[in-house]
Amino acid sequence: MVEAILLIQESTEMDETDYLLSTSANRQHLQEAIESLKNPDNYIYVDPAKL
């Protein structure tokens, strides 16, 4: 026979997404980063063979 006691406590930690969106400056920075991803000219390509 196996007996187990589980103590379940709600997490008080902030979700990472909520944290990143918690300030207007963070939200603006993330929005700008997302917009820059839409332009492939902003990409940096790396040749693994040259590393």
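In which helix does Asp18 lie? Asp18 lies in helix H1, where helices (H or I, at least four residues) and strands (E, at least two) are DSSP runs numbered from the N terminus. The structure is a predicted model, in which local features need pLDDT of at least 70 and side-chain atom pairs count only at pLDDT 80 or more, while totals for chains, interfaces and linings use all residues. Residues are numbered from 1 along each chain as its sequence is written, and side-chain values use heavy atoms, with hydrogens and water left out.

**Overall form**

- The chain contains two helices and zero strands.
- The radius of gyration of the chain is 21 Å, whereas a compact globule of 51 residues would have a value near 10 Å; the radius is taken over C-alpha atoms, and the globule rule is 2.2 Å times the number of residues to the power 0.38.
- The C-alpha trace spans about 60 × 40 × 15 Å along its principal axes.

**Surface and accessibility**

- Of the 51 residues, 0% count as buried; buried means under 20% relative accessible area, exposed over 50%, and partly exposed in between (1.4 Å probe, protein chains only).
- The chain exposes about 5,600 Å², of which carbon and sulfur atoms supply 56%; accessible areas come from the Shrake-Rupley method with a 1.4 Å probe, and for residues only the protein chains shown count as cover.
- Met14, Tyr19, Leu20 and Leu21 make a nonpolar surface patch of about 410 Å². Patches are made of residues with over 30% relative accessible area and no salt bridge, with like charges joined within 9 Å and nonpolar side chains (Val, Leu, Ile, Met, Phe, Trp, Tyr) within 5 Å.
- Met14 lies in the segment before helix H1 (16–20) and is exposed, with a relative accessible area of 52%.

**Charged residues**

- Side chains of opposite charge can pair when their charged atoms come close.
- A search of the whole structure finds one salt bridge, defined as a side-chain nitrogen of Lys or Arg within 4 Å of a carboxyl oxygen of Asp or Glu.
- Glu35 forms a salt bridge with Lys38, and their closest N and O atoms are 3.1 Å apart.
- Glu35 is partly exposed at 40% relative accessible area, whereas Lys38 is exposed at 59%.
- Asp18 is partly exposed, with a relative accessible area of 47%.

**Separations along the chain**

- Asp18 and Tyr43 are 25 residues apart in sequence and 27 Å apart in space, C-alpha to C-alpha.
- Leu37 is found in helix H2 (residues 24–37) and counts as exposed at 54% relative accessibility.
- Leu37 and Leu51 are 14 residues apart in sequence, and their C-alpha atoms are 24 Å apart in space.
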